[in-house]
Amino acid sequence: MPEYAILILPSANRVYTDTSPRLLHAELTVFGAAVLSTQVLESGTRSIGGVSYVTFTTSEPLTDDDVTLLSNLSSAYVLFEITGELLRPLPLAPADVFDSDLLTIQKYSGKTNELFTKLLLNLTVLACDRPRALVEGGLRLLDPLCGRGTTLGQAMMYGFDATGLELDGKDFEAYQQFIKTWLRTKRVKHKAEAGTLRHRKARLGRRLDIEYAASKEQYKAGETRTLGYLNCDTVHTDELLRPGSADIVVTDAPYGVQHGSRTPDQALARSPRDLLAAAVPMWTRVLRRGGALGISWNTHVVPRDELAAILTGAGLTVLDGDPYESLAHRVDQAIVRDVLVARKD
């Protein structure tokens, strides 16, 4: 059987680097089931020449198209074909539309690791009815708890339209300053409009709308993508966005009591459990049939079974069994992060 080895991309976060091989095993299995021409049979971790690799076998040799797809694995640095005692590198061609500094420049406390963000986004795209969008682009992504936009950045890298919602005004201001500066510095042809966000004459917050293209030629031809940031409560999602307007919903949920939403009397509802119970049905209305939702969260805050019940109650089909039940990992002493992926059938 053909055998391959992946050298893991180092992460600035040591804990995540140690976890990456196990998460990559699960991600490989999903790729094999969703888009590869051949099945991923076995995967493991092996030391070769004193260096640790993730290895896997397939029923048939990988095609060029398979290698193109695997180029987008979240933690893949180099892919080798194992031939006897030799490692033959296979050329990777990630579907990155922009430079990686779109994801790495921003540094702040609580930022989601960009490699994990890519993993979560990959798993969600592969669960929808257009899994090849990883290399073909064109999906519409919603992150209803977008913080300072790590998920929005990865959506841009893949050539997706993206909309994010975030209640925190400081996050809105920081992201607006960052993305406008980044677009100008990179000389990305775009137009940006910022203003007040209103619904039925009520002021909900602020908004930022950007239309851009990867090249001047694409911009002139009207081949543009959109990026939107709505500074408002996520419970307004289905009031502000059309039903069925998102292909995928991808979000990293609040890890602790410092995050939350607003109750009808404008008090801060500090429970992430209450926030998710109130918001998931609204996110689901915006998600089209055939689309998928991927969510990561702190299991110390909401048990897996309870969150799965919230998703099921909203009309989603939760994907279970291996590899979806092997994604839990420690972030720090107070956070054990897990992932749920669900489809809207």
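**Strand pairing and helix packing in the predicted model**

Strand β10 (residues 225-231) is mostly covered, with five of its seven residues buried; buried denotes under 20% relative accessible area, exposed over 50%, and partly exposed in between (1.4 Å probe, protein chains only). Helices (H or I, at least four residues) and strands (E, at least two) are DSSP runs, numbered from the N terminus. The model is predicted, so that local features need pLDDT of at least 70 and side-chain atom pairs count only at pLDDT 80 or more, whereas totals for chains, interfaces and linings use all residues. Residues are numbered from 1 along each chain as its sequence is written, and side-chain values use heavy atoms, with hydrogens and water left out.

The predictor's confidence in each residue is expressed as pLDDT, on a scale from 0 to 100. The chain has a mean pLDDT of 93, and 95% of its residues reach 70 or more. Over residues 257-266, pLDDT stays under 50. For this stretch the model has 21 contacts beyond four places in sequence, a contact being heavy atoms within 4.5 Å. Where pLDDT is low, the predicted coordinates should not be read in detail.

Strand β10 pairs with β7 and with β9; two strands are taken to pair if DSSP finds at least two bridges between them. With strand β7 (residues 161-165), the pairing is parallel and comprises four bridges. Here G164 stands opposite Y229 of β10. Strand β9 (residues 202-212) is joined to β10 by seven bridges and runs antiparallel to β10. In this pairing, R206 has N231 of β10 as its bridge partner. Strand β9 is also joined to strand β8 (residues 190-199), by 10 bridges in the antiparallel sense, and E193 stands opposite D209 of β9. Strands β8 and β9 form a hairpin with two residues between them. In the turn of this hairpin, R200 has a positive phi of about 50 degrees.

A five-stranded open sheet has the order β2-β3-β1-β4-β5, with antiparallel pairing. The edges are held by β2 (40-48) and β5 (86-90), each of which has a single partner strand, so one side of each is left without a neighbour in the sheet. On average, neighbouring strands of this sheet are turned by 35 degrees against each other, direction ignored. For such values, axes are lines fitted to C-alpha atoms, for helices over the stretch in contact, and angles run from 0 to 180 degrees between N-to-C directions. Strand β4 (residues 76-83) pairs with β5 over five bridges in the antiparallel sense, and F80 has P89 of β5 as its bridge partner. Helix α1 packs on the sheet and touches β1 (3-8), β2 and β3 (51-58). The direction of α1 makes about 155 degrees with that of β2. T29 is placed in helix α1 (residues 14-34) and counts as partly exposed because its relative accessibility is 32%. The C-alpha atom of T29 is separated by 27 Å from that of V280, 251 residues apart along the chain.

Helix α4 (residues 114-127) packs against helix α6 (residues 150-157) at an angle of about 65 degrees, the axes being 10 Å apart. The crossing of α4 and α6 is right-handed; a crossing is right-handed if the near helix is turned clockwise from the far one by less than a right angle, and left-handed if anticlockwise. In the contact, E114, T117, K118 and L121 of α4 meet T150, T151, Q154 and A155 of α6. The contact residues divide into two nonpolar, four polar and two charged, where Ala, Val, Leu, Ile, Met, Phe, Trp, Tyr, Cys and Pro count as nonpolar, Asp, Glu, Lys and Arg as charged, and the others, Gly among them, as polar.

Helix α6 is largely enclosed by the rest of the structure, because eight of its eight residues are buried. T150, in helix α6, counts as buried at 9% relative accessibility. Leaving aside residues up to four places away in sequence, T150 touches L103, Y108, K111, T112, E114 and T117. Just after α6, G159 takes a positive phi of about 75 degrees.

D247 lies in strand β11 (residues 246-252) and is buried, with a relative accessible area of 4%. Residues up to four places away in sequence not being counted, D247 touches G138, L139, R140, L287, R288, G291 and A292. The C-alpha atoms of D247 and D161 are 86 residues apart along the chain and separated by 9.8 Å.
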